[in-house]
Amino acid sequence: MKKINRTYVMGVFTLIVAALIGYGTSKVPEMLVSNEPGPRLFPYISAIGLAVFAVLSMIFDGPGEDNKPYLDHAGYIRLIVIMAECLAFAVFMNLIGFWITGVAGLFAFIWTLKGDKKINVAVCLIFCIVLSSICYFGFTRGFNIPLPKGSIWESVGISMI
C-alpha cells in the first residue's frame, strides 16, 4: 500500500480553504461610490495567495520520500510562542494602538522566527518601524480605514495620529 504524501493532503486542504474564502467573499455586498478597492479585495488576494502557494508547495515539496516530522519538539514550542504573540498582539492593539503594537509585535515575530540566524537588532527595529508606519498610514490615510489608536492614550488625553 502506497503512503499518502502529507504535502499533497495539506495542499488539497489549503486549496479547499482558498475556494471557501473565495466563495464567502463573493457573497459580500459591494457598494462602491468611487475608485476604492472595496471590501472584497483583501479576501480575494488571500484566497489567490493561498491557492498559488499550495500548488507551488505540492509541486516542489511533494515528490520524494521525506520521513521528517512536520514539527519537532522545538517546533511545537515555537508554534505555541507564536500563538501567544498573536494573542498578545490582538489584546495590546486595542490598549496601546496599532502602530506601537505593530512595531513591537513585528519585532517579536521576527525574533521568534529567526531561529539560529544572526540578525542586527538596529536594522530589525528600523525595519519594524518603517513597515508598521507604512501599514498604519496606508490604511488610515490611503484606504481611509481607521485602525485602533489605543484606549490608554485616549483615557490619558494623548491624541495618537
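Ring pairs join Phe89, Phe98, Tyr136 and Phe137 into a cluster. Here rings of Phe, Tyr and Trp (for Trp, its six-membered ring) pair if their centres lie within 6.5 Å; planes under 30 degrees apart count as stacked, over 60 as edge-to-face and the rest as tilted. The model is predicted: local features need pLDDT of at least 70 and side-chain atom pairs count only at pLDDT 80 or more, while totals for chains, interfaces and linings use all residues. Residues are numbered from 1 along each chain as its sequence is written, and side-chain values use heavy atoms, with hydrogens and water left out.

Let me stay with the rings. A pair of aromatic rings is described by the distance of the centres and the angle of the planes. The structure holds 5 aromatic pairs. In one of them, the ring centres of Phe98 and Tyr136 are 6.4 Å apart and the planes are at 20 degrees, so this pair is stacked. The pair links distant parts of the chain, with Phe98 in helix H4 (residues 98-113) and Tyr136 in helix H5 (residues 121-142), 38 residues apart. Helices are DSSP runs of H or I with at least four residues, strands are runs of E with at least two, and both are numbered from the N terminus.

How buried or exposed are these rings? I call a residue buried under 20% relative accessible area, exposed over 50% and partly exposed in between, using a 1.4 Å probe and protein chains only. Phe98 counts as buried, at 15% relative accessibility. Tyr136 is also buried, with a relative accessible area of 5%. Tyr136 forms an edge-to-face pair with Phe137, at 5.3 Å centre to centre and 80 degrees between the planes. Phe137, for its part, is partly exposed at 31%.

I turn now to the chain as a whole. The protein chain has 6 helices and 0 strands, and from the N terminus on its elements run α-α-α-α-α-α. Of its 161 residues, 19% count as buried. The accessible surface comes to about 11900 Å², of which 72% belongs to carbon and sulfur atoms; such areas come from the Shrake-Rupley method with a 1.4 Å probe, and for residues only the protein chains shown count as cover. A contact means heavy atoms within 4.5 Å. Among contacts between residues at least 6 apart in sequence, 62% join residues at least 24 apart.

The 21 residues of H1 should span 30 Å at 1.5 Å a residue, and its end C-alpha atoms are 30 Å apart, which agrees. The expected span is 1.5 Å times one less than the number of residues. Which residues of H1 are buried? They are Thr7, Gly11, Thr14, Ala18, Gly22 and Thr25. Seen down the axis of H1, these buried residues fall within an arc of 80 degrees, so they line one face of the helix. The arc is that of the directions from the helix axis to the C-beta atoms. An α-helix has 3.6 residues a turn, so residues three or four places apart point the same way. The face of H1 turned away from its buried side carries the exposed residues Leu20 and Tyr23.

What covers the buried residues of H1 includes H2. Helix H2 (residues 41-60) has 20 residues and reaches 28 Å from its first C-alpha to its last, close to the 28 Å expected. Its buried residues are Ala47, Ala54 and Met58. Down the axis of H2 they fall within an arc of 35 degrees, so they too line one face. These residues pack against helix H1 (6-26). On the other side of H2, Ile48, Phe53 and Phe60 are exposed. Phe60 has 64% relative accessibility. Phe60 and Thr7 are 53 residues apart in sequence and 9.7 Å apart in space, C-alpha to C-alpha.

Helix H3 (residues 73-96) comes next. Its 24 residues should span 34 Å, and its end C-alpha atoms are 34 Å apart, which agrees. Gly75, Ile82, Glu85 and Met93 are the buried residues of H3, and they pack against H4. H3 is followed by Gly97, whose phi is positive, near 95 degrees.

Finally, the cysteines. A disulfide is a covalent bond between the sulfur atoms of two cysteines, counted here as a pair of cysteine sulfur atoms within 2.5 Å. How many disulfides does the structure hold? The structure holds 0. Cys124 is in no disulfide, and the nearest cysteine sulfur, that of Cys128, is 4.2 Å away. Cys124 is buried at 5% relative accessible area, whereas Cys86 is partly exposed at 36%.
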